[in-house]
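Reader: I am new to protein structures and would like a close look at a single part of this one. Could you walk me through it in a friendly way?

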Amino acid sequence: MGPHISGITDINELIERSYVVSIPLRMPFRGLTHREVMLIDGPEGPGEWAAFTEYPDNVAAKWLAAALEQAFDDTVAPAPAGVEKVAVNATFPALDPGDGAAWWKKFPGVKAAKVKVGEPGQLLIDDVARVNAIRQAVGPDVTLRLDANARWSVSEADKALFMLRAFDIDYVEQPVSTVDEMVYLKRQLRGTGIRLAADELIRQSGALDEVIDKRAADIAVLKVSPLGGIRPTLALAQQAQDAGLQVVISSGLETSVGLSWGARAAAIVGYQTHSPLAAGLGTAVFFESDVVTQPLKVAAGSIPVNRPVLDPRKIRKVIAAEERTTWWQERLRRCLPMVANGLES
Ligand SMILES: [Mg+2]
């Protein structure tokens, strides 16, 4: 356990403080129709353990470190005084092109839209049709971002970005998986105005140093939960900005509990920046219901920066089945010692 996290006496107390919820999604995302997470109600407020269920324990333990920081750490930097909201992007999953315009309406006032591309089961023509429909729906003044989640090979990325550049793309998140592939592609894209962002390379491979050394990206995408908390996130943000990269704070399909910590990070990072990039934190809209008194809905292109307060009535409505709760409790028993052993470092 990090030196700042105190007050966790034992696993049974943690379990007593926890709720597993399964929340239906309005729009399938990552192949999911429900989002299952464990909430931990600590002395500092609620924490969200949102590691996707297929993740191995060593990865899930990092997400747990973030949840424990949220619930138990009373020394984390607060949002800067006076910063009450942060700008967010719209997030488009691999939806049918015909559904693009209706989904866009859920993000009023937003100035940037992020579109998933290269998803399993999708062909390049599907991506082109979707990005085309979304560009038409959002109009010419909204910035478009693509995210391929490291799924393309270099030649697939070459071909795809040759087709997709017609839609005026600001940047592409991890078109390819390795640093060297990113470097190659960045060279190919010179003169097109399309920038590259690193996401998986930072949160899964811990390769920000190499990304910086080889100038493999223009933007660092940072997510509080997968990175093990706001503390490591802010340290990476500082490192990236010192090296001349821009930072985008994003998230992992979390409830408004997890999103609120992203908003805090984005408020801190944006406060030091003249023109902060819109954060990937507008995803509360995916959830049919939420778990806090004031869900972080998008209004005027932003979400509020606030401290989450659990709503027991809302939690009761989405509480998970007993066997799923048991599954998470067992996962907690396995992962807690990994956090205690300092895996997050
Ligand atoms: Mg990404």
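**A close look at the hairpin, a helix and the metal site**

Author: Let's start with strand β1 (residues 18-29), which pairs with β2 in the antiparallel sense over 8 bridges. Two strands pair if DSSP finds at least two bridges between them, and strands (E, at least two residues) and helices (H or I, at least four) are DSSP runs numbered from the N terminus. V20 stands opposite M38 in β2. β1 and β2 form a hairpin with 2 residues between them, and R30 in the turn has a positive phi of about 55°.

A note on the source: this is a predicted model, where local features need pLDDT of at least 70 and side-chain atom pairs count only at pLDDT 80 or more, while totals for chains, interfaces and linings use all residues. Residues are numbered from 1 along each chain as its sequence is written, and side-chain values use heavy atoms, leaving out hydrogens and water.

Because 12 of the 16 residues of α2 are buried, the helix is largely enclosed by the rest of the structure. Buried means under 20% relative accessible area, exposed over 50%, and partly exposed in between (1.4 Å probe, protein chains only). Among the buried residues of α2 are W63, L64 and F72.

Finally, look at the magnesium ion: its protein donors are D147 (OD), E173 (OE) and D199 (OD), lying 2.1 to 2.3 Å from it. Donors are N, O and S atoms within 2.8 Å of the metal (3.2 Å for Na, K and Ca); water is not among the atoms, so sites may look incomplete. Both E173 and D199 are buried.
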